[in-house]
Amino acid sequence: MTWPVENIIRILSIQKNANGDACNTNNNNLKQGLAAELLVRHLRLFTYLVITYFAYQYTWPIEEAKEWNLKWVLVVLFRNLFIEFILYGGWHWFLYVSGFVNGRIEHKKFNPENQYDDGGKNIVREVTFTTLGFFMSTAFECVVLNLWSRKSIYIVPFYSDFFGNSFAWTFYSIFHVLIVAYWRDAHFYFIHRAMHKWNFKIFGIDIGYFLYKYVHSLHHKSKNPGPFSGLSMHPFEHFLYYTCTLTCLFFPLHPYHFLYTKFHADISPIAGHDGYDKPAGGSAFHYLHHSLVDCNYGTPMVPLDYMFGSLKSDEKVKTKTKKK
Ligand SMILES: [Zn+2]
Ligand SMILES: [Zn+2]
């Protein structure tokens, strides 16, 4: 089932003060067949597909976007900020404010310290930069809307009939939906890796170290991350991060593809940073990156860390949280 519905049901179904170990579910998709992996992963991403559908149906001002006008830009901005409020705000409230986790999954917190027990410093910084992230996401969307609506030569035209009138076209459309999550993971790895030490210098400068010091270190201020840490980035990092949506410049895409990629970038950091093991977000892999820094730059599904030797096992973190 999809995030966050399945997670909420599983957390609330744990008997209070019992050590219900919802972690037993084996989510190591590498052990599944490809078809099962595609199915399970996309069932979990169903929330993004639903949001994509409604955003396209009701808040996709493709006609108005021919000319720059605050009215349609605000439609896009408010829809995006509404998504931030509901999903980021809602998940933060559920895990850190509501008390629903008390007696249920406190022992699943990777770092038992409450990072928000600091007089509000962390949450103010994280909400501010996450909101700036949604402004950047809106900027990318508005530029694409404008280019598409003007039939600009700088972008491949979009198509409106998702399934088309041939098997090949239907296959192309569905295939592009299925690869978005993997493309996003690979793109994220390279953008992110570039902002950590390269361990070699060009004209006496380690560009990765420079980018880390002046840009990416802001994201790492969330050493003990929570839901709002995910998009808490320097605006330059936001810019690099959202370039994942620009496949539309090079391939013929339906607006669904663009919106799905964008919402994946908007929303997936929530579960990836929420600070809890399953049945909450369960990203021990990225938690280790925040706590140790020089490892696990990507995601477990696209094994680039394994290929480039920066993989650190998340089993230790999981074992530690299970024991508590
Ligand atoms: Zn990093
Ligand atoms: Zn992070």
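At what angle do helix α4 and helix α5 pack, and how far apart are their axes? Helix α4 (residues 70–97) packs against helix α5 (residues 121–149) at about 140 degrees, and the two axes lie 9 Å apart. This is a predicted model, in which local features need pLDDT of at least 70 and side-chain atom pairs count only at pLDDT 80 or more, while totals for chains, interfaces and linings use all residues. Residues are numbered from 1 along each chain as its sequence is written, and chains are lettered from A and ligands numbered from 1 in the order in which they are written.

**The chain as a whole**

- The protein chain holds twelve helices and zero strands; helices (H or I, at least four residues) and strands (E, at least two) are DSSP runs, numbered from the N terminus.
- Of its 324 residues, 36% count as buried. A residue is buried if 20 or more other C-beta atoms lie within 10 Å of its own, exposed if 12 or fewer, and partly exposed in between, with C-beta atoms placed from the backbone.
- Among contacts with a separation of 6 or more, 70% join residues 24 or more positions apart; a contact means that the C-beta atoms of two residues, placed from the backbone, lie within 7 Å.

**Helix α4 itself**

- α4 has 28 residues, yet its end C-alpha atoms are only 36 Å apart, short of the 40 Å that a straight helix would reach at 1.5 Å a residue. The expected span is 1.5 Å times one less than the number of residues.
- Buried residues of α4 include Trp72, Val76, Asn80, Glu84 and Trp91, and their cover includes α1, α5 and α9 (255–273).
- Just after α4, Gly99 takes a positive phi of about 85 degrees.

**α4 against α5**

- Axes here are lines fitted to C-alpha atoms, for helices over the stretch in contact, and angles run from 0 to 180 degrees between N-to-C directions.
- The angle of about 140 degrees makes α4 oblique to α5. Angles under 35 degrees count as roughly parallel, over 145 as roughly antiparallel, 65 to 115 as roughly perpendicular and the rest as oblique.
- On the α4 side, Val73, Val76, Leu77, Asn80, Leu81, Glu84 and Tyr88 meet Thr130, Thr131, Phe134, Ser137, Thr138, Glu141 and Cys142 of α5.
- The residues of this contact divide into seven nonpolar, five polar and two charged. Ala, Val, Leu, Ile, Met, Phe, Trp, Tyr, Cys and Pro count as nonpolar, Asp, Glu, Lys and Arg as charged, and the others, Gly among them, as polar.

**α4 against α9, and Asp266**

- The axes of α4 and α9 come within 10 Å and cross at roughly 10 degrees, which makes α4 roughly parallel to α9.
- Ile83, Leu87, Tyr88 and Trp91 in α4 meet Asp266, Ile267 and Ile270 in α9. By class, that contact has six nonpolar, no polar and one charged residues.
- Asp266, found in helix α9, is buried because 27 other C-beta atoms lie within 10 Å.
- Not counting residues up to four places away in sequence, Asp266 touches Ile83 and Ser137.

- Thr2 sits in the segment before α1 (5–13) and counts as partly exposed because it has 15 C-beta neighbours inside 10 Å.
- Leaving aside neighbours within four places in sequence, Thr2 is in contact with Leu43, Arg44, Phe46 and Thr47.
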